[in-house]
Amino acid sequence: MALNRTDIEALAAHLESAELEARDVTKITDDFPLMDWADAYDIQDEIRRRKEARGHKTVGLKAGLTSFAKMKQMGVDTPCFGFVSDYMARPDGGEIKVSELIHPKVEAEICIVTKAPLRGPGCHVGAVLAAIDFVLPAVEIIDSRYRDFKFDLKSVIADNTSASRFVIGGRSRNVEALDLRTLGVVLEKNGQIVSMAAGAAVLGHPAAAVAMMANHLGARGQEIPAGTFIMTGGVTEAIAVQAGDSVNVRFQDLGSVSMRFV
Ligand code: 0L1
Ligand code: MG
C-alpha cells in the first residue's frame, strides 16, 4: 500500500461527493501517482462504508470492463469490480434524471443471483454455474466521475467502477435453460439498433466474470455470499445517452429492459 488511511478516507470523500453532487473531477492518480491496486480497492471499500453508515444498503456486486469491446473502448486490458447501492436502482420502463448525473452511458448486462457462497482462489466457471440461483437481465447506467472520461484503471476502481444507476427488467430464468455464451442481446436507442452482441463477449462466458470476482475478493479475504445479485459486465461497448433518449434492450430468452432519460 502506498497511501495512508487519511489519504484513503479523503479520496473516498472526494469521489463520493463528486458522485452525489454530479460534479466531475480529474483522475486521482494525477495527485497520487504512487497509488497501488490495493489502495484503489480500499478507497472503493471506504465509499461503500460511507454509504452503509448513512443507511444505504449494498444490493449487488458488479464486474466492469469485462467485454473485449468495452476494454478496447476504454483502452484497458483488465476487468474491475464494484458494488451497487439501493438508491441506484430504477424501475423497468421508468425515468432516469440526467440532471443527477454527469455524462451517463448505458450497458446491457447479463446478471445472476447466487444460491451458494463463492470464494476464491480457484473459483471457476463450473463452480459459478453450480452456485447460480437464477439469471436475469439488466441495464447499467455508468457515470464516471472523471472529466471527459480521462482516467486510468486504478482511478476507475477507486470511483466504484463508475456505478451510478441500474434497471433490472425482463424475466428470470434458471441457468440450465440458457446458454449464457450464445445468449443474444440487442440494444436500441430511440428505436434504432445501436449495438448487439452475445454473452460470450464477456470474457468468453459471463460466469467467468463471476469466477474472476470471487478470486479477486478471495485475495482480499472476502467472499460472494449466497443471495448476491451480480452484474457480469456490459456485453457491448457503452452507449452515451442524454435527456430525451429512450433505451430498450432485448435479451434472448430473458425479455426486455427499458428506460427513458429525462
Ligand atoms: O461497468 C463498467 O464496465 C465499468 C466501467 C468503468 C469505466 C467507465 O466509466 O467506462
Ligand atoms: Mg457495467
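Me: Which residues line the second largest cavity, and which element gives the most to that lining?
Reply: In this predicted model, the second largest cavity is lined by L15, E16, E19, I47, K51, M88, R145, D159, N160 and A163. The elements that give two or more residues to this lining are α1 (5-20) and α2. With three residues, the element that gives the most is α1.

Me: How many residues of the lining of the second largest cavity are charged, and about how much space lies in that cavity?
Reply: By class, this lining has four nonpolar residues, one polar residue and five charged residues. The space in the second largest cavity comes to about 40 Å³. The values asked for are therefore five charged residues, with Asp, Glu, Lys and Arg counted as charged, and about 40 Å³.

Me: Which residues lie nearest the centre of the largest cavity?
Reply: The count comes to two cavities of 30 Å³ or more, and about 140 Å³ of space lies in the largest cavity. Its lining draws at least two residues from each of β1, α3 (68-74), β5 and β6 (132-142), and divides into seven nonpolar, four polar and five charged residues. Of the 16 lining residues, those nearest the centre are L65, K70, I142, T161 and S162.

Me: How many residues of α6 are buried, and what covers them?
Reply: The buried residues of α6 include P206, V210, M213, H216 and L217, together with several alanines such as A207 and A214. What covers the buried residues includes α2 (37-53), β1 (58-64), β2 (80-85), β5 (105-114), α4 (125-131) and β10 (229-234).

Me: Which strands stand at the edges of the open five-stranded sheet?
Reply: The five strands are ordered β4-β13-β12-β8-β9, with mixed pairing. Each edge strand has a single partner strand, so one side of each is left without a neighbour in the sheet, and these strands are β4 (95-96) and β9 (192-198).

Me: What is the bridge partner of N248 in β13?
Reply: Strand β12 (residues 246-251) runs antiparallel to strand β13 (residues 255-261), and six bridges join them. The bridge partner of N248 in β13 is S258.

Technical notes: Residues are numbered from 1 along each chain as its sequence is written. Chains are lettered from A and ligands numbered from 1 in the order in which they are written. This is a predicted model: local features need pLDDT of at least 70, side-chain atom pairs count only at pLDDT 80 or more; totals for chains, interfaces and linings use all residues. Side-chain values use heavy atoms; hydrogens and water are left out. Two strands pair if DSSP finds at least two bridges between them. Helices (H or I, at least four residues) and strands (E, at least two) are DSSP runs, numbered from the N terminus. Buried means under 20% relative accessible area, exposed over 50%, partly exposed in between (1.4 Å probe, protein chains only). Contact means heavy atoms within 4.5 Å. On a 1 Å grid over the protein atoms alone, a cavity is a set of points where a 1.4 Å probe fits but cannot get out, and a pocket is an open set with protein on both sides within 12 Å along at least five of seven lines; lining residues have an atom within 4 Å of a point. Grid points are joined across faces, edges and corners, and a volume is the space filled by probe spheres set on the points.
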